[in-house]
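Let's take a friendly walk through a protein model together. Have a look at the sequence and the structure below, and then we will start with a single helix.

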Amino acid sequence: MACLSLLLAAGGLHLRPLSAGEQQAERLVEGPGADLVQSKCTLCHDLGNITRIRQTREEWEDTLKTMIRRGAPITPADETVIVDYLTQHYGK
């Protein structure tokens, strides 16, 4: 919860409220990198924080850099895979 509070306070994620009848996703879209996103990002966030937003590649890169600065255990190789995955499946 602390990670989410810090992220929201910094304006790193632009969450949109769920519309009527829309449910929070419980699974990520399958694809290369999904397991890595699941294992690294859900240490602090639930999947809804990822699946409810759409960001450009640059915005995902900035978000990941912020998370790394805050202590997320993400290597440079992980970062590339995660950004590629998020951009492809949750990009705008």
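## Starting with helix α4

This is a predicted model.

Which residues of α4 are buried? They are W60, T63, L64, T66 and M67. These residues cover an arc of only 155° around the axis, which puts them on the same side of α4.

Although E58 and T87 are 29 residues apart in sequence, their C-alpha atoms are 9.0 Å apart in space.

## The whole chain

Now zoom out. The chain has five helices and zero strands, so if you read from the N terminus on, the elements run α-α-α-α-α. Of the 92 residues in the chain, 34% are buried.

How much of the contact pattern comes from residues 24 or more positions apart? Among contacts in the chain with a separation of 6 or more, such pairs account for 68%.

Next, follow α5, which spans residues 76-90. This helix has 15 residues and reaches 20 Å from its first C-alpha to its last, close to the 21 Å expected at 1.5 Å a residue.

The buried residues of α5 are D78, E79, I82, V83, Y85, L86 and Y90. Seen down the axis of α5, they fall within an arc of 165°, so they line one face of the helix. What do these buried residues pack against? Their partners are α2, α3 and α4. On the face of α5 turned away from the buried side, you can find the exposed residues P76, A77 and Q88.

## Helix α2 and its cover

Helix α2 covers residues 34-41, and its buried residues are A34, L36, V37 and C41. They cover an arc of only 160° around the axis, which puts them on the same side of α2. What covers these buried residues includes α3 and α5.

C41 is in no disulfide, and the nearest cysteine sulfur, that of C44, is 9.3 Å away. With a relative accessible area of 12%, C41 is buried, whereas C44 is partly exposed at 35%.

## The nonpolar core

In soluble globular proteins, nonpolar side chains tend to be buried together. In this model, the largest nonpolar core has 16 residues. Those with the most contacts inside this core are L28, V37, I50, I82, Y85, L86 and Y90. Helices α2, α4 and α5 each supply at least two residues of the core, and α5 gives the most, with five residues.

Not counting residues up to four places away in sequence, I82 touches L36, V37, K40, L64 and I74.

V29 lies in the loop between α1 (residues 2-10) and α2. V29 and Y90 are 61 residues apart in sequence, yet 9.0 Å apart in space from C-alpha to C-alpha. Leaving aside neighbours within four places in sequence, V29 is in contact with A34, Y85, H89 and Y90.

The other loop residue is H45, found between α2 and α3 (residues 48-51). Why does H45 count as buried? Its relative accessibility is 12%, and buried means under 20%. The side chain of H45 makes a polar contact with the side chain of N49, at 3.3 Å.

Technical notes: Residues numbered from 1 in each chain as written. Predicted model: local features only at pLDDT ≥ 70, side-chain atom pairs only at ≥ 80, totals over all residues. Heavy atoms only, no water. Helix = DSSP H or I, 4+ residues; strand = E, 2+ residues; numbered from the N terminus. Buried < 20%, exposed > 50% of the residue type's maximum accessible area, 1.4 Å probe, protein only. Polar contact = N/O pair within 3.5 Å; in protein donor to acceptor, adjacent residues only side chain to side chain. Core = buried A, V, L, I, M, F, W, Y, C linked by side-chain atoms within 4.5 Å. Contact = heavy atoms within 4.5 Å. Arc of directions from axis to C-beta. Disulfide = S-S within 2.5 Å. Expected span 1.5 Å × (residues − 1).
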